Amino acid sequence: MGGAGTELFTFLTRPSSWTLTIEPGKKVMLTLNLVGKTLTKTSTYTFPTIDDLSRPYMAYDLGASTGMTIKSVAQLVEKIELTCDHKIEPTFLIGQTATDLEPTDRVVTCKVTTKYNAAIEQTLLTDARAGTAVTGSFTLTNGTVSMAVSMGAMVADSVSPPINDRGKIRLETTYNCYKTGATGEIVIVNDSTI
């Protein structure tokens, strides 16, 4: 790319899926996948102001003692991977341009990695083996700004922890999140706009 741009390209898209990843010592990452429909080009534009003074959320913003709450019990977690897939399918009627981007379903999963011990396995997998839904939530707090994430009905896959070598044993529990009553599969509340 050379020189300063003089044209603005605007894409009409729909989010197909996104993944929020929280790992120790790293920034909280949001990976967003978009499905495009159209592209328009204009010759004049103004560049928006970007807030580069606020720091991003970090994994330690979960808190050293709270981590993630599962079934009203605080669990110290090593990793959280929250994914929402809208299963977008473009509709093509006549021509090469999609006439619509249709969501066909929504699948929400939350993969949680914890340190393995018998008590944690008992707490997390007893309901999984029975197919019982549990609640889950976590909050990231960055100074005066926070983001709360809650899931009202999570059902885990009952799996044993992988034992690959003499290293640390981790329990990876994958929850399928479901809508309960009028509450969606996942509820995200930002208490301030950065």
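Student: Where does H1 bend, and by how much?
Tutor: H1 bends at Leu124, by about 35°. The bend is the angle between axes fitted to the seven residues ending at a residue and the seven starting there. The model is a predicted one, in which local features need pLDDT of at least 70 and side-chain atom pairs count only at pLDDT 80 or more, while totals for chains, interfaces and linings use all residues. Residues are numbered from 1 along each chain as its sequence is written, and side-chain values use heavy atoms, with hydrogens and water left out.

Student: Which H1 residues are buried?
Tutor: Ile120, Glu121, Leu124, Leu125, Asp127 and Ala128 are. Buried means under 20% relative accessible area, exposed over 50%, and partly exposed in between, with a 1.4 Å probe and protein chains only. For the whole chain of 194 residues, 31% count as buried.

Student: What else is in the fold?
Tutor: The chain has 1 helix and 12 strands. These are DSSP runs numbered from the N terminus: H or I of at least four residues for helices, E of at least two for strands. Along the sequence the order is β-β-β-β-β-β-β-β-α-β-β-β-β.

Student: Back to H1. Which cavity lining does H1 give the largest share of?
Tutor: That of the largest cavity, where H1 supplies 4 residues. Leu124, where H1 bends, is in that lining, and so are Asp127, Ala128 and Val134, among others. The cavity has a volume of about 50 Å³.

Student: How are cavities and pockets told apart?
Tutor: On a 1 Å grid over the protein atoms alone, a cavity is a set of points where a 1.4 Å probe fits but cannot get out; a pocket is an open set with protein on both sides within 12 Å along at least five of seven lines, and lining residues have an atom within 4 Å of a point. Points are joined across faces, edges and corners, and a volume is the space filled by probe spheres set on the points.

Student: Val134 is in a strand, then. How are the side chains of S9 arranged?
Tutor: They alternate along S9 (residues 134-142).

Student: What does S9 pair with?
Tutor: S9 pairs with S10 (residues 145-156), antiparallel over 8 bridges, and with S3 (residues 68-70), antiparallel over 2 bridges. Pairing requires at least two DSSP bridges between the strands. Val134 has Met154 of S10 as its bridge partner, and Ser137 stands opposite Thr69.
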